[in-house]
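Dear colleague,

I am passing this structure on to you, and below it I have set out what was found in it. Please have it open while you read.

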Amino acid sequence: MSKIRVLSVFGTRPDAIKMCPLVLALDRDERTESIVCVTAQHREMLDQVLGCFGVRPDYDLNIMKPRQTLTTITEAILEKLEPVLTDAAPDIVLVHGDTSTSFVAALCAFYQKIPVGHVEAGLRTFDRYSPFPEEMNRRLTGRLATLHFAPTELNRENLAREGITDGVTVTGNTVIDSMKYTVREDYTFEDETLRGIDFADGKTVLLTAHRRENLGVPMENICRAVQRLIARYPELRVIWPVHLNPAVRETAFGMLRGLPRVTLIEPTNVVDTHNLMAKCAFVMTDSGGIQEEATAVGVPTLVLRTETERPEGLDTGILKLVGVEEDAIFDTASRLLSDPAFYASMAGAKNPYGDGFASERIIDAICAWKGV
């Protein structure tokens, strides 16, 4: 029997982190032929992840342009992916999560009548404009997909409420698979700045912020909260790998550059990032993936958003939704720094996002669908 031809399409750092372990599992499985296409919606940050996992794309659309917009991203992927689909002739196209690459690749596959498998399906905030455009990217991808790989039971329930019940499999999240490759106790950082930091005192905090809805005043609020935390807690150290988005960098460097014990560095590779998380006291982030990654290593996480499509972490207590107001961020972070019982209640929560075998469950579901 011929192998199932599986084309994985992704283009940003976050979805590459979650798709690379699946690609490696597809390569190992005798039932599947793995083909990889990257859009390079994020170029440099995507390449970091590919290098860490040793994944070499078969097709590279290389669409990234300075000051690109959602419209230019959509146009470029539609135009450049169509001939790839014709040439690769896959049995199924896999896309991940909620990026513009995911939605547009699913749309392009639909135009070619090629079935779509949606990895990390069923996450919802129920606010079409937050996160923007990710919430609608995810919903629209779900409408185009034939197979839906839901990380949790709650994600499956979300799909069922929308009438999507066929082709749904609860798999766990592939980010947990990813961390089996990356997190090590004896790890030595590649980033020279991180190699020089003593994490043994337990006073280091990781900060990341980059979402479109947090640009401007919300990002300034985050920076002001950091200023106050540094002034209040002389032992505190904050590390911020600053996203390459110029709007993020203008605010971060403009407000925090030169502040004692605030270390602004370039975006770190995925292995450095995962191990940095594991060594920090807690994390403050507006990232979706980091909510899951920090949970996987048992690190309390303050979510710098007004909503999250990952409520499982809130339910366990390891995530706290603090929003983007300066006082709320400062107050909750202060409590983590000064209240050992509060800290212990968050750090002791159970990881709700899987056991590290999501990729194998996804492949089994694809093979069952094809009758292999």
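**The second largest cavity**

The second largest cavity is lined by His96, Val119, Glu120, Phe149, Pro151, Thr171, Gly172, Asn173, Thr174 and Ile362. Please keep in mind, here and below, that this is a predicted model. About 30 Å³ of space lies in this second largest cavity, and its lining, sorted by class, has four nonpolar, five polar and one charged residues.

**The largest cavity**

How many cavities of 30 Å³ or more are there? The count comes to two, and the largest of them holds about 350 Å³ of space. Its lining is made up of 21 residues, and those closest to the centre of the cavity are Arg13, Thr208, His210, His243 and Ile290. The elements that give two or more residues to this lining are H1, strand S8 (204-208), strand S9 (237-241) and helix H12 (288-296), and the largest share, four residues, comes from H1. By class, the lining of the largest cavity has ten nonpolar, eight polar and three charged residues.

In soluble globular proteins, nonpolar side chains tend to be buried together. In this model the largest nonpolar core has 54 residues, and the members that touch the most others are Phe10, Leu22, Val55, Leu94, Phe149, Leu276 and Ile366. Helix H1 (residues 13-28) gives the most to this core, with nine residues.

Which residues does Leu22 contact, once its neighbours within four places in sequence are left aside? Leu22 is then in contact with Leu94, Val119, Ser359, Ile362 and Ile363; of these, Val119 and Ile362 are also listed in the lining of the second largest cavity.

**The seven-stranded sheet**

An open sheet of seven strands runs in the order S3-S2-S1-S4-S5-S6-S7, and its pairing is parallel. Strand S3 (59-60) and strand S7 (168-170) each have a single partner strand and stand at the edges, so one side of each is left without a neighbour in the sheet. Within the sheet, strand S1 (residues 4-10) pairs in the parallel sense with strand S2 (residues 32-38) over seven bridges, and Leu7 has Ile35 in S2 as its bridge partner.

**Pro340**

Is Pro340 buried or exposed? Pro340, which lies in helix H15 (residues 340-347), has a relative accessibility of 65% and therefore counts as exposed. Pro340 and Gln68 are 272 residues apart in sequence, and their C-alpha atoms are 45 Å apart in space.

With best wishes

Key. Residues numbered from 1 in each chain as written. Predicted model: local features only at pLDDT ≥ 70, side-chain atom pairs only at ≥ 80, totals over all residues. Heavy atoms only, no water. Core = buried A, V, L, I, M, F, W, Y, C linked by side-chain atoms within 4.5 Å. Buried < 20%, exposed > 50% of the residue type's maximum accessible area, 1.4 Å probe, protein only. Contact = heavy atoms within 4.5 Å. 1 Å grid on protein atoms, 1.4 Å probe; cavity = no way out; pocket = protein on both sides within 12 Å on 5 of 7 lines; lining within 4 Å. Points joined across faces, edges and corners; volume = space filled by probe spheres on them. Nonpolar A, V, L, I, M, F, W, Y, C, P; charged D, E, K, R; others polar. Pairing = 2+ DSSP bridges.
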